[in-house]
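Reader: Could you pick one part of this structure and take a close look at it for me, along with whatever surrounds it? I'd enjoy a connected account.

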Amino acid sequence: MEDKIFLSTKNKIIEIKEDELRVDNILYKERREDNTVEYILSDDISEEVLTNKAIELTHYYYIKALEKLVSAERMLVLTGAGSSKDDDLFGGKLMTELWDYIYTLVNQDFNFDTFLSTLEIDEDVKEKRDLEIVLSKAKLYLEFKEDSSITFHVDTIEKAILSQCSFSLIDKSIHLDFIKKLTSRKTKQSRLKIFTTNYDRAFEEAGAEGGYVIIDGFSFTQPRKFSGKYFDYDIVIRENSRTSSTENFASNVFHLYKLHGSVNWEKRDTEIVQIDNPSKAMMIYPNSNKYESSYEQPYFEMMSRFQAELRKGGTTTLISIGFSFADKHIFTMINEALNQNPSLNLVIIEPFIKPTVNENFEKLFELSKRSSQILIIGEFFKDFVTNLPSSQYLDFNGHES
């Protein structure tokens with residue numbers, strides 16, 4: 001049976017290792033009437049039984065932990081491709097799947113194998129289907145040599161990425177339920193802020209389905225134009241008259257920051273607008289220049305706000321979903337904030353907890369064993385949303401108010 005980690009934090013590690021269910025590296029045992037059941041793979045204890053018990057224990061632990069964490073003064077979310085990946089429910093693709101799709105684009109002008117050979121891409125990159133390394137090498141190649149074929153291939157790949165990210169959610173209910181649970185907060189608490197590296201419109205579609213107002217940095221007039229000042233706007237309900245001094249913040253509002261751009265952004269001269277079918281979408285495509293691109297507007301505005309939110313005083317919970325932490329600049333922001341802000345807690349949702357997937361995730365995994373600030377949960381987004389508790393408002397003594 002393959003080893004698997006279900007949960008990792010300072011006070012609890014739940015895993016199946018060497019065909020045993022272990023909690024804090026101790027074989028899990030359970031009393032049943034007059035017998036003691038040891039959770040070891042055997043004729044009596046199947047893989048399914050071991051896995052289901054591990055999931056049951058994981059749910060029990062993280063639901064109790066999250067009841068407090070979701071009531072933090074600030075609630076932040078960071079999502080990556082994993083929050084849009086489910087063939088039956090969402091429709092998004094992982095980077096490796098985009099690689100596979102690009103392989104199907106064979107015609108007289110485009111041939112992915114020829115493109116890879118020209119760039120002298122190593123076999124290990126091909127095996128990993130690492131599109132980011134390929135595009136990085138292509139961009140570097142073009143800086144030193146004009147090559148219309150390489151330029152054509154890069155443009156074709158970027159258009160393919162855009163087309164595959166321009167999907168509509170098959171089922172909006174899971175994203176909407178996630179939003180509902182995390183926006184059920186007291187008006188004095190900070191708005192839910194969702195930061196995403198995805199280009200798709202999953203959260204916009206789910207928010208629209210639920211009648212939410214999304215503050216995304218764009219104006220409320222048409223055409224919608226970007227300016228960082230719009231992140232400081234809010235929606236209030238004024239009772240009786242426009243001049244009433246009594247103002248209540250509207251409940252169905254959240255902030256959305258698309259750190260790498262969007263399928264419906266377009267640059268027109270000096271302005272950035274939202275449009276249904278842009279001629280060239282404004283997106284930071286996967287390559288090693290992502291870090292440099294994040295210092296350009298509008299990306300710099302959103303990155304700056306993400307960093308500022310992580311460092312604010314008071315309790316803050318950051319929930320990361322389907323994000324691999326391979327982006328060094330984002331990982332660095334989070335890692336530094338964990339070191340400097342003891343009131344920041346990081347919850348990572350990753351269905352396949354593989355500590356060695358990249359060096360940044362490995363660092364966070366190792367830190368989770370020593371720091372109570374980090375909780376890593378081996379769960380799919382859809383299952384996590386089902387078990388995610390809604391915010392409970394606690395008073396100073398820990399009682400629900």
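Author: Gladly! Two strands pair if DSSP finds at least two bridges between them; strands (E, at least two residues) and helices (H or I, at least four) are DSSP runs, numbered from the N terminus. This is a predicted model, in which local features need pLDDT of at least 70 and side-chain atom pairs count only at pLDDT 80 or more, while totals for chains, interfaces and linings use all residues. Residues are numbered from 1 along each chain as its sequence is written, and side-chain values use heavy atoms, with hydrogens and water left out.

Let's look at the sheet.

Start at the β9 end. β9 and β12 run parallel and are joined by three bridges, with Val 213 opposite Val 253 in β12. On its other flank, β12 runs parallel to strand β8 (residues 193-196), this time through four bridges, and there Ile 194 stands opposite Leu 256. Strand β12 itself (residues 253-258) is mostly covered, as six of its six residues are buried (under 20% relative accessible area; exposed is over 50% and partly exposed lies in between, with a 1.4 Å probe and protein chains only). The cover extends to both faces: Val 253, His 255 and Tyr 257 are buried on one side, and Phe 254, Leu 256 and Lys 258 on the other.

Further along the order, strand β15 (residues 316-321) and strand β16 (residues 344-349) also run parallel, joined by six bridges. Thr 316 has Leu 344 as its bridge partner in β16. (Contact means heavy atoms within 4.5 Å; axes are lines fitted to C-alpha atoms, for helices over the stretch in contact, and angles run from 0 to 180 degrees between N-to-C directions.)

A nonpolar core is a set of buried Ala, Val, Leu, Ile, Met, Phe, Trp, Tyr and Cys residues joined through side-chain atoms within 4.5 Å. The largest one has 47 residues, and Leu 21, Phe 178, Leu 182 and Phe 384 have the most contacts inside it. Helix α1 gives the most to this core, with six residues. Leaving aside residues up to four places away in sequence, Phe 178 touches Val 77, Phe 203, Ile 321, Phe 381, Phe 384, Val 385 and Leu 388. A second, separate core of 40 residues includes Ala 250, Leu 318, Met 333 and Ile 334.

Strands β5 (residues 29-32) and β6 (residues 35-38) pair in the antiparallel sense over four bridges, and Arg 32 stands opposite Asn 35 in β6. Two residues lie between these strands, and Glu 33 in the hairpin takes a positive phi near 55°.

The closest N and O atoms of Lys 53 and Glu 30 are 2.9 Å apart. Because Lys 53 lies in helix α1 and Glu 30 in strand β5, the pair ties together parts that are 23 residues apart in sequence. Lys 53 and Glu 30 are both buried, and they belong to a network of salt bridges that also links Arg 32 and Glu 56.

The structure holds 21 salt bridges, and one more deserves a stop: Asp 86 meets Lys 382 at 3.4 Å, N to O. This pair links distant parts of the chain, 296 residues apart, with Asp 86 in the loop between β7 and α2 (95-103) and Lys 382 in helix α13 (residues 381-387). Asp 86 counts as buried because its relative accessibility is 13%, while Lys 382, at 31%, counts as partly exposed.

Technical notes
A salt bridge is a side-chain nitrogen of Lys or Arg within 4 Å of a carboxyl oxygen of Asp or Glu.
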